[in-house]
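Subject: Handover of the two-chain model

Hello,

Here is the structure I said I would pass on. My notes follow below it.

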Amino acid sequence: MKPMLIPMLLLLTPMSAQAATPEERGLEIATEIELRDTGFHDFKATMSMLLRNKHGEESLRDMRNQTLEMENDGDKTLVIFDEPRDVKGTALLSFSHKVGDDDQWLYLPALKRVKRIASRNKSGPFMGSEFAYEDISSQEVEKYTYKFIEESDYEGKPCFLIERYPVDPNSGYTRQQVWVDQERYISLKIDYYDRKNAPLKTLVFRGYQQYLNQYWRADEMHMENHQTGKSTLLTWKQYDFRTGLTDGDFNKNSLKRAR
Amino acid sequence: MSETFFRFVLKHKALVIFLAVALSLLMGSGVKQLQFSNDYRMFFSEENPQLQAFEQLQNTYTKTDNVLFVVEPEDGKVFTRETLAAISALTKEAWQIPYSLRVDSITNYQHTYAQGDDLVVEDLVLDPASLTDEALLEKQRIATGDPLLVNRLISPSAHTTGVNVTVHLPGKSLTEVPEAAASAQEMANRIEEAYPHITIHLTGMVIMNHAFPTASQDDMKTLYPLMFAAVILVLVIMLRSIPGTLSTLIIIILMIIATMGLTGWLGIKLSPPTTTVPIVIMTLAIADCVHILVNFLHGMRDGESKHQAMMESLRINLQPVFLTTLTTAVGFLSLNFSEAPPFRDLGNMAAMGVALAFFLSITFLPAMMMLLPVKSLGGDTLGSTTMLRFAEFVVRNKKGLLWGMGVIILLLIAQIPNNRLDDQFVKYFDESIAFRQATDFTTDNLTGIYLIEYSLESGETGGISDPGFLRKVDDFAQWYRQQPYVLHVNTITDIMKRLNRNMHEDDDDWYRLPDRRDLSAQYLLLYEFSLPFGLDLNNQINVKKSATRFTVTLESISTQQLLAIEESAQAWLAEHAPHMRISGASPTMMFAHIGSRNIVAMLKGTSLALVMISVILIFALRSLRVGGLSLIPNLVPMGMAFGLWGMLVGEVGLALSVVTGMTLGIVVDDTVHFLSKYLRARREKGMDREDAVRYAFATVGTALWVTSLVLMVGFSILAFSHFQLNAGMGMLTAITLGLALVADFLFLPPLLIYFGGKKS
């Protein structure tokens, strides 16, 4: 979508909001979030995860992320692992889809082979952290249904509180409550509810920065598991947008080349 | 001073009665706040090292409270489309159990296999209805051949299977356990209804936790009425006085209400041991009342007026009743040394109870007796002639009794080492409790409930992939699997071997540990990326990937056997892998150590109580010699009882190790009554030793055997408890009290005659 359409749509939003059902309004907000984040083309960033258990032990995971925006489908992502040492050079390639299961391949340098992750249920923890793959993968609008709950605020910022329900039956969640910044249309906080609809995790976004004068990215994402007392702090650094990545950088062969 | 007080009590009887009732009810209003503890951890203090080790393990990985559904198909075949459909439905539904973290079953077991270059990770059973007979056989072969499943979630012959739900109770509210347990029970009922050919047995730590309050309440419903019936019967027969019986009953009720109310105010949670408190204090209150009433009725029979008889009874009983209350309370308070908080509560509650009983029996009781019409009874109601005849027998055979009893006592005490420590928490419940039945079925047909867990540390980040470390862990697993009573060993090395095989086109030759560190780590990474929600490896690997959880499941074995196995495991680790040596941690290990820890603690407590009680006696009796002599009849019954227990039963545990402190205070009572009468005869009446013994028998002999009988009946009723803890404690206490009476009647008199002070 062209950037100039966004202000027009913004003008429309308050009007239609009055008449719409909560479901329509929720979808509208989700669509607007995606809309505003459209057009970045690609970016590179480093990610580091600090895992902590209830006993206070900590552990670090370092990786690099390359993402390519796709026009009519979910994004393509390549994650290259640097730390722990034993998995250095391992690379995960994901094709996110608007409908159906995502495709994933993992390159194992110790084996010098690419393995497809042939599991229909990939909602487990990412690198042993409190993030599930579904929490950090490309958040396509089609992956959930929505419901607007209320206008609320989070840490003094006016928010839309919306609820979204995963379409994937294998998702670990029944629902998620998202606090969306009314001004910037970005998530500030997400509460995750498990299969029995009990509070499971809370994700808090901190240190949002704007790139290319449009795209907001959080420096820190802190995920806390209320049931096990474990937590993970995900820190994003060295964002670099429109680096010239192409489709050719996101296939099985590029996986092996990624270092 | 006490005389003025008693005169006031007898004069203002209505006021005294009103105040006693009002105050008791005021204290009793705390019963509203009474709550039952429903966590097995209640038996462990926060400082308990085994509890701390286990908490640390749980904080490193995840908590392991669980609900285990054990599914028994009628036809003895798990791998049929119908049964698998039931398992599959149960597995899916079990995620709805409150506080559940994960659900493991044979249907959602993450089966891995190679498909070309892919690693396929999927549920072992996806759609039971679509399985062909061959496929069913194949699934059975896979399940019963997988070391992670067999003897844990599937029996080797595939006739029983389990669905294990890991539950994380936040521990913030007492409703958590009943919530989870009720939900599991409902689920089991629903599934049984939908699939009538299967039976579900419910066990696991959550179900056990839930069984504590439910079995306790059951106990209360059966034991308390039984106790009241027994008390009324004994009182009617012994006192043959309706007003006396009635007054005593009211005292008992007031005292129980007040004690339980105070317990509520103090915020003490009820537990299986403390549900015995009403029965324990009931028996003790009866003793106080009987002593006062017997002398009162005795006086009236001798022609004294009601007022005179009561004043005299109070005069001669005040000191011994006060003394016995004091010593009993000291004995109970010694339970504060116990390692297990519920027994500290038991001690404190019982101490409050006896104190209340004392105050009520010197205020409410005399006031009531003044108020109610009391007939003077004719005849030898109190059996003092029988007692005199008995005294004659004892005095005549003093030498034979001294030696005979001495030999019997020594013989019995020599049997004490026959006792073995045993604390199997499943056996804390008797076979009428559903949890016990289900658990027994589980251990007979599927898996064990006793676990030993280790957090094996490699010493470096990511070290769990190190081939050297993995080999050691695997060797340890192999060693454990060769030990007797070991049903299952859960180890990460089995997953590593399986993945290695999968990575080599499922070639069985590759079912071995990867020989390179990066290879292991990357296999594990691939595997972790393939696992679904809730079925991850975080419960087996710590965040640094430096340590792994290693779980051994054992048959139902005694504490001795368990500790022996753990000891040889420690020896194995010391020899083969000293750097990863760590003691086993688990509820099973906690209970295995609690008995011996409690004995050591109670030895201190009982010794201190003994010293205090002896000092009290020496001062109260104003005789170092007689007070010192009292040590013998005070201590001997305990030694004899434990000896007899060693001969008859031979197993002691947590509950029995508190019996010493508890009975000490009660046993002393008989001695106090006997000695105070003996000394009164020597001092006030100037009798010689033999006559003083005769006098003591005549005045307190009846009261002593009556109260002992009441106490024995009371504690014997505890034998009907659903809790082996309470039943054993009750039995041993009853035996001790019986032997105390024997010692007081047959051993103390000869001792007094030979050593009981200067000849006059």
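Among contacts in chain A between residues at least 6 apart in sequence, what percentage join residues at least 24 apart? The figure is 42%. Please keep in mind throughout that this is a predicted model.

Chain A

Chain A contains four helices and 13 strands. Its radius of gyration is 18 Å, close to the 18 Å that the globule rule gives for 259 residues, so chain A is as compact as a globular protein of that length. The C-alpha trace of chain A spans about 60 × 45 × 35 Å along its principal axes. Of the 259 residues in chain A, 37% are buried.

Where the chains meet

On the chain B side, 44 residues are in contact with 39 residues of chain A. Four elements of chain B each supply at least two residues of the side that touches chain A: α3 (49-60), β2, β4 (118-123) and α17 (517-530). The largest share, ten residues, comes from α17(B). By residue class, the side of chain B that touches chain A divides into 18 nonpolar, 16 polar and ten charged residues.

There is also strand pairing across the two chains. Strand β6 of chain A (residues 113-118) is joined to β4(B) by two bridges, and the two strands run parallel. A:Ala118 has B:Val120 in β4(B) as its bridge partner.

Inside chain B

Helix α4 of chain B covers residues 81-94, which is 14 residues. From its first C-alpha to its last, α4(B) reaches 20 Å, close to the 20 Å expected at 1.5 Å a residue. The buried residues in α4(B) are B:Thr83, B:Leu84, B:Ala86, B:Ile87, B:Ser88, B:Leu90, B:Thr91 and B:Ala94. These buried residues pack against β1 (65-73), β2 (100-104), β5 (161-167), α6 (176-194) and β6 (198-203) of chain B.

The largest nonpolar core has 298 residues. Those with the most contacts inside it are B:Val67, B:Phe69, B:Ile251, B:Met255, B:Ile281, B:Ala285 and B:Ala357. As for B:Val67, leaving aside its neighbours within four places in sequence, it is in contact with B:Ile97, B:Val165, B:Val167, B:Ala180, B:Ala184, B:Leu202, B:Gly204, B:Val206 and B:Ile207.

Regards

Note on methods
Residues numbered from 1 in each chain as written. Chains lettered and ligands numbered in written order. Predicted model: local features only at pLDDT ≥ 70, side-chain atom pairs only at ≥ 80, totals over all residues. Rg over C-alpha atoms; globule rule 2.2 N^0.38 Å. Buried ≥ 20, exposed ≤ 12 C-beta atoms within 10 Å, placed from the backbone. Contact = placed C-beta atoms within 7 Å. Expected span 1.5 Å × (residues − 1). Nonpolar A, V, L, I, M, F, W, Y, C, P; charged D, E, K, R; others polar. Pairing = 2+ DSSP bridges. Core = buried A, V, L, I, M, F, W, Y, C linked by C-beta atoms within 7 Å.
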